[in-house]
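Trainee: Please take a close look at one part of this model, and place it in its surroundings before going into detail.

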Amino acid sequence: MAKYFFRRLISMLFVLLAAIVLVFTLMEFAPGDPVMTMLGEGGTAEQIAALREKLGLAQPYIVRLGSFIWGFLHADLGESYRSGLPVFSEIISRYPITLKLTFGSVALGILIGVPAGIVSSVKQYSVFDRIFTSVSLFGVSAPSFWIAMLLVLIFSVKLGWLPPTGTYSFEYWILPVLTMGLQTSASIMRMTRSSILEVVRQDYIRTARAKGQSERAIIFKHVLPNALIPILTVVGIDICGFLGGSVLVETVFAMPGLGKFILDCVNFKDYPAVLGGILWISLNCVVITFIIDMLYGVVDPRIKSMYGAKKSKAKAIITAKSES
Amino acid sequence: MKKRKNRNGQLHDVWRKLKMNKLAMISLGVLIMIFLIAIFAPLVIPYDYAYQDYNSVLQFPNASHPFGTDNFGRDIFSRILYGSRFTIFIGFGATTVAATCGIILGLMAAYFKKLDNIIMRAMDVLIGMPGMTLLILIISVLGPNIKNMVIAISIAYTPAFARVTRGAAMSVINQEYIEACSAIGANDKRILLKHVFPNSMAPVIIQYSLAAGLSILLGASLSFVGMGVQPPTPEWGLMVSDGRSYLRTSWYMSIIPGLAIILVTIALNYLGDGIRDALDPRLNK
């Protein structure tokens with residue numbers, strides 16, 4: 001497992017470094033001069049030169065890239081053009097909102113999606129299956145901002161049960177979490193269903209049935225653990241997608257999260273903040289992908305044995321030698 | 001000659017199985033209808049999509065305006081019919097570009113071992129960034145308009161096509177008939193284009209129908225946050241966004257364009273599921 005851990009770690013660091021270089025390089029081509037944005041039209045040539053010097057924009061690309069990577073490693077992402085505050089502290093102040101929204105939604109998605117997927121696959125072609133698959137198809141086909149607006153229309157405008165915007169107390173979080181949770185439950189349900197149906201066809205399940213095991217034991221002991229990998233993959237993809245894509249729900253519910261922050265910074269041409277925000281989300285995604293990869297190793301004995309093979313083989317040889 | 005007949009036979013078989021799937025056929029019908037509306041939009045719309053009638057602003061759906069009117073008195077029905085052009089262009093345009101680039105990269109990665117690591121690691125970097133973040137990044141550099149939106153969505157979906165094509169092509173390349181081709185002296189180009197490419201297309205076709213739906217959703221999302229098509233273009237995502245301020249009084253301004261998006265994406269998903277089932281040899285019987 002240690003080999004698997006280090007292989008994934010190296011791959012993660014490579015992806016992160018490449019993402020930093022890619023995002024930094026792309027931002028070089030962003031239109032508009034930030035110095036002109038900050039000074040306005042009244043800036044003199046001396047002021048422009050002084051500000052360029054202060055922001056480090058006068059240095060060559062490679063030097064700026066190097067110092068940016070060095071700063072990134074020290075949690076220094078520069079200063080926001082808009083507020084003058086460190087980008088890192090701007091991100092950290094908004095991060096909890098996006099994080100709560102993401103993990104709340106994914107938790108709700110798992111709670112609804114996995115049981116619905118199990119019922120749907122165990123009772124394939126039943127009424128439940130047809131209802132769940134139709135609802136989940138609607139869930140993956142509807143834009144999240146539209147679901148958000150529909151929920152606001154029903155629960156805030158028509159029924160008046162829940163507040164439409166803000167993040168002041170628990171009840172303000174219900175509609176945003178419900179919006180994203182329902183969407184992710186649809187994709188988790190679809191993946192759970194198809195993954196279980198795939199595993200149910202395997203010979204070892206037939207063997208378990210032939211041995212007279214109960215249907216419940218077959219599903220929970222044999223099918224579900226083997227069907228977990230694709231479900232974990234969807235959960236990982238959804239967490240990453242929500243960290244970056246929560247901007248839509250944050251916009252509808254006026255939540256000051258990270259996605260909304262990046263969007264506002266793009267409109268203001270606050271490039272250090274955009275760069276920092278995007279890389280922060282990328283860092284999160286890389287770490288989440290790494291954790292999911294590690295979980296593969298935990299839940300899938302094939303991966304465990306693949307990377308533990310040499311060790312166990314060596315152990316077996318030593319044991320055999322000592323016995324002889 | 002025999003080979004061509006065989007391939008036609010395979011296609012015929014897939015089509016026969018697809019025809020038995022009612023939902024897939026209804027979805028295909030819906031998509032063809034939307035394509036026709038998009039092509040003939042200027043001829044079928046009852047009102048000019050940009051015509052502002054200030055005497056009939058925010059009208060609830062009625063006989064003369066089946067989907068009502070917006071805050072400028074524009075007919076929402078006409079705008080939705082005309083807007084299908086943009087949705088189709090974004091959805092299918094971006095997916096076609098992504099599929100083309102992805103197929104080329106995937107085939108090269110599968111066939112040329114030296115390129116495999118370079119291409120797939122580059123794809124990993126793009127996949128590592130969440131779709132919406134990557135799109136915002138690209139559009140902030142290129143500028144918000146429909147052409148750049150298509151470019152951005154294409155870049156975001158290229159890795160998915162490259163991965164799927166590479167996976168399928170790798171299993172084809174290991175087959176004996178590919179070995180036989182190279183043994184009789186066929187060059188790389190011929191092997192890739194005549195043998196590997198057609199035989200690895202099944203998963204790519206499924207990916208295409210699913211990605212087209214997702215591209216439409218992404219395009220609408222970008223327009224919704226102001227990073228895509230700009231007003232007064234009647235793009236469906238933008239229309240949903242325009243109606244946000246009027247949700248309390250004129251909900252139909254947002255809800256109906258949203259339903260149009262859902263109709264197309266559901267049709268694409270059902271068709272994708274149908275094609276997947278038709279191509280699945282395990283479901284032959």
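In what order do the elements of chain A run from the N terminus on?

Mentor: The order is α-α-α-α-α-α-α-α-α-α-α-α-α-α, giving chain A 14 helices and 0 strands. Helices (H or I, at least four residues) and strands (E, at least two) are DSSP runs, numbered from the N terminus. The model is predicted: local features need pLDDT of at least 70, side-chain atom pairs count only at pLDDT 80 or more, and totals for chains, interfaces and linings use all residues. Residues are numbered from 1 along each chain as its sequence is written, while chains are lettered from A and ligands numbered from 1 in the order in which they are written.

The C-alpha atoms of chain A occupy a box of roughly 85 × 70 × 30 Å along the principal axes. The radius of gyration of chain A is 25 Å, whereas a compact globule of 324 residues would have one near 20 Å; the radius is taken over C-alpha atoms, and the globule rule is 2.2 Å times the number of residues to the power 0.38. Of the 324 residues in chain A, 38% are buried. Here buried means that 20 or more other C-beta atoms lie within 10 Å of a residue's own, exposed that 12 or fewer do, and partly exposed in between, with C-beta atoms placed from the backbone.

The part to examine is α6(A). It has 15 residues and spans 21 Å from first to last C-alpha, close to the 21 Å expected at 1.5 Å a residue; the expected span is 1.5 Å times one less than the number of residues. Its buried residues are Phe132(A), Thr133(A), Ser136(A), Leu137(A), Gly139(A) and Ser141(A). They pack against α5 (87-122) and α8 (170-200) of chain A, and also against α10 (201-224) and α12 (252-279) of chain B.

That brings in the interface, where 41 residues of chain A are in contact with 34 residues of chain B. The elements giving two or more residues to the chain A side include α6 (127-141), α7 (144-158) and α10 (215-245). By class, this side has 34 nonpolar, 7 polar and no charged residues. Contact means C-beta atoms, placed from the backbone, within 7 Å; Ala, Val, Leu, Ile, Met, Phe, Trp, Tyr, Cys and Pro count as nonpolar, Asp, Glu, Lys and Arg as charged, and the others, Gly among them, as polar.

Beyond its neighbours within four places in sequence, Leu135(B) is in contact with Ala152(B), Ile153(B), Ala156(B), Leu218(B) and Leu222(B).

Conventions:
Contact = placed C-beta atoms within 7 Å.
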